[in-house]
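The following paragraphs are intended to be read alongside the coordinates. Please keep the sequence and the structure in view while following them.

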Amino acid sequence: MQGIKRQLPNTLTVLRLFLAVLSTYFAYQINIKSLTISFILFCIASATDYFDGYLARKWKIVSSFGKLMDPIADKVLILGVLFAFAIQGIIPLILAGLICFREVFLTVIRLLISKKTVLAARYSGKVKTFSQVIVLGFIYLTL
């Protein structure tokens, strides 16, 4: 049980990556069935973002893998769906491009700064990701 407990937060992060790809795939199809599937996958993936961090902190098993992959999984989820909507003309492509540029730029800077140590996510980054999830959720619901 202890081994499973130690790996659960990282497993949730990897699951979020998988769900992000599936959610993005279904978001590219503009029909009610595919958008519903995409929205459900997006919600589940977003929930794993909360639970992996919560469990890692609660069980005091924060890992370098989790600190590195958690924000990457968030970016894959957010940017994938964002670009799916932008390519279909639901949101302006320039908006998706600017958000993507900011995310990639800050991630590269963060990785360059932290060559020896992986930096954990900051509270402001968590608020930003939560805000993006809420906005994309509203876009799903309006579609």
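**A walk through the helices**

Lys60 lies in the loop that joins α2 (32-58) to α3. Helices here are DSSP runs of H or I with at least four residues, strands are runs of E with at least two, and both are numbered from the N terminus. The model is a predicted one, in which local features need pLDDT of at least 70 and side-chain atom pairs count only at pLDDT 80 or more, whereas totals for chains, interfaces and linings use all residues. Residues are numbered from 1 along each chain as its sequence is written, and side-chain values use heavy atoms, with hydrogens and water left out.

The backbone at Lys60 deserves a look: its phi is near 55°, a positive value in a residue other than glycine. Lys60 is also exposed, its relative accessible area being 71%. The classes used here are buried for under 20% relative accessible area, exposed for over 50%, and partly exposed in between, computed with a 1.4 Å probe on protein chains only. Another loop residue, Asn31, sits between α1 (2-27) and α2. Asn31 counts as partly exposed, at 35% relative accessibility. Although 112 residues separate Asn31 from Leu143 in sequence, their C-alpha atoms are 9.2 Å apart.

The chain continues into helix α3 (residues 64-87). The 24 residues of α3 should span 34 Å at 1.5 Å a residue, and the 34 Å between its end C-alpha atoms agrees with this. The expected span is 1.5 Å times one less than the number of residues in the helix. Within α3 is Ala86, which is buried at a relative accessible area of 6%. The C-alpha atom of Ala86 is 38 Å from that of Lys58, 28 residues away along the chain. Just after α3, Gly89 adopts a positive phi of about 80°.

Which residues does Ala86 contact, leaving aside its neighbours within four places in sequence? They are Ile91, Pro92, Leu93 and Ala96, where contact means heavy atoms within 4.5 Å. Ala96 belongs to helix α4 (residues 93-113) and is buried, with 0% relative accessibility. Residues up to four places away in sequence not being counted, Ala96 touches Leu82, Phe83 and Ala86.

Attention now turns to α5. The 20 residues of α5 (residues 123-142) should span 28 Å at 1.5 Å a residue, and its end C-alpha atoms, 29 Å apart, agree with that value. Thr129, Gln132, Val133, Leu136, Gly137, Ile139 and Tyr140 are the buried residues of this helix. Viewed down the axis of α5, these residues fall within an arc of 160°, so they line one face of the helix; the arc is taken from the directions running from the helix axis to the C-beta atoms. On the face turned away from the buried side, α5 carries the exposed residues Tyr123, Ser124, Phe130, Phe138, Leu141 and Thr142.

How do α3 and α5 come together? The two helices pack at an angle of about 35°, and their axes are 11 Å apart. Such axes are lines fitted to C-alpha atoms, for helices over the stretch in contact, with angles running from 0 to 180 degrees between N-to-C directions. The contact joins Asp74, Ile78, Val81, Leu82 and Phe85 of α3 to Thr129, Gln132, Val133, Leu136, Ile139 and Tyr140 of α5. By class, the residues of this contact comprise 8 nonpolar, 2 polar and 1 charged; Ala, Val, Leu, Ile, Met, Phe, Trp, Tyr, Cys and Pro count as nonpolar, Asp, Glu, Lys and Arg as charged, and the others, Gly among them, as polar.

One further residue of α5 is Gly125, which counts as partly exposed at 28% relative accessibility. Gly125 and Pro71 lie 54 residues apart in sequence, with 8.9 Å between their C-alpha atoms.
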